[in-house]
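Please keep the sequence and the model at hand while reading.

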Amino acid sequence: MSSGTAKKAYEGQSITVTFEATRCLHAAECVRGLPEVFDPGRRPWIRPDAAEAEHLADVIRRCPSGALQYELVDGGAETPE
């Protein structure tokens with residue numbers, strides 16, 4: 001049985017999004033920010049190519065728990081505040 005602490009990666013053409021379920025506070029900032037990317041009723045529930053990478057990165061930075069993180073394919077990564 002898995003401990004559930006592993007991050008799951010969702011790779012897109014320009015950005016890779018990682019999600020760590022155990023950190024998620026279910027604030028739904030992601031779903032409200034980009035429902036075309038984040039849809040908990042769909043599998044996979046994160047579709048990084050459904051929005052521009054920069055817009056997606058902006059929404060991910062609003063995640064209050066840090067459960068969502070990203071890395072741009074060109075090497076840019078989220079910078080901690």
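Once the neighbours within four places in sequence are set aside, Ala 51 is in contact with Leu 34 and Val 37. The model in which these contacts occur is a predicted one. Ala 51 belongs to the loop between α1 (29-33) and α2 (53-61), and Ala 51 and Leu 34, although 17 residues apart in sequence, have C-alpha atoms 7.9 Å apart in space. With a relative accessible area of 17%, Ala 51 falls under the 20% limit and therefore counts as buried.

**Aromatic residues**

The structure holds two aromatic pairs, whose geometry is set out in the table.

| Pair | Centre to centre | Angle between planes | Class |
|---|---|---|---|
| Phe 19 and Trp 45 | 5.0 Å | 75° | edge-to-face |
| Phe 38 and Trp 45 | 5.8 Å | 50° | tilted |

Why does the pair of Phe 19 and Trp 45 tie together parts that are 26 residues apart in sequence? Phe 19 lies in strand β2 (residues 15-19), whereas Trp 45 lies in the loop between α1 and α2, so the pair links these two parts of the chain. Phe 19, Phe 38 and Trp 45 form one aromatic cluster. Both Phe 19 and Trp 45 are buried; the relative accessible area of Trp 45 is 12%, and Phe 38, with a value of 1%, is buried as well.

**The largest pocket**

Two members of this cluster, Phe 19 and Trp 45, are also among the residues closest to the centre of the largest pocket. The largest pocket has a volume of about 240 Å³, and of the 18 residues that line it, the closest to its centre are Phe 19, Cys 24, His 26, Cys 30 and Trp 45. Helix α1 supplies the largest share of this lining, with three residues.

**Backbone features**

Most residues other than glycine have a negative phi, and most peptide bonds are trans. His 26, in the loop between β2 and α1, has a positive phi near 60° although it is not a glycine. Is His 26 buried or exposed? With a relative accessible area of 67%, His 26 is exposed. Ala 28, which lies in the loop between β2 and α1, likewise has a positive phi, of about 65°, without being a glycine; Ala 28 is partly exposed, its relative accessible area being 30%. A cis peptide bond joins Arg 43 and Pro 44, with omega at about -10°, and Pro 44 is found in the loop between α1 and α2.

**The chain as a whole**

The protein contains two helices and three strands, and from the N terminus on these elements follow one another in the order β-β-α-α-β. Of its 81 residues, 33% count as buried. Among the contacts in the protein with a separation of 6 or more, 51% are between residues 24 or more positions apart. The accessible surface of the protein comes to about 5,200 Å², and 49% of this area belongs to carbon and sulfur atoms.

Terms used: Residues numbered from 1 in each chain as written. Predicted model: local features only at pLDDT ≥ 70, side-chain atom pairs only at ≥ 80, totals over all residues. Heavy atoms only, no water. Helix = DSSP H or I, 4+ residues; strand = E, 2+ residues; numbered from the N terminus. Buried < 20%, exposed > 50% of the residue type's maximum accessible area, 1.4 Å probe, protein only. Contact = heavy atoms within 4.5 Å. Areas by Shrake-Rupley, 256 points an atom, 1.4 Å probe, with all protein chains shown as cover. 1 Å grid on protein atoms, 1.4 Å probe; cavity = no way out; pocket = protein on both sides within 12 Å on 5 of 7 lines; lining within 4 Å. Points joined across faces, edges and corners; volume = space filled by probe spheres on them. Phe/Tyr/Trp six-rings, centres within 6.5 Å; stacked < 30°, edge-to-face > 60°.
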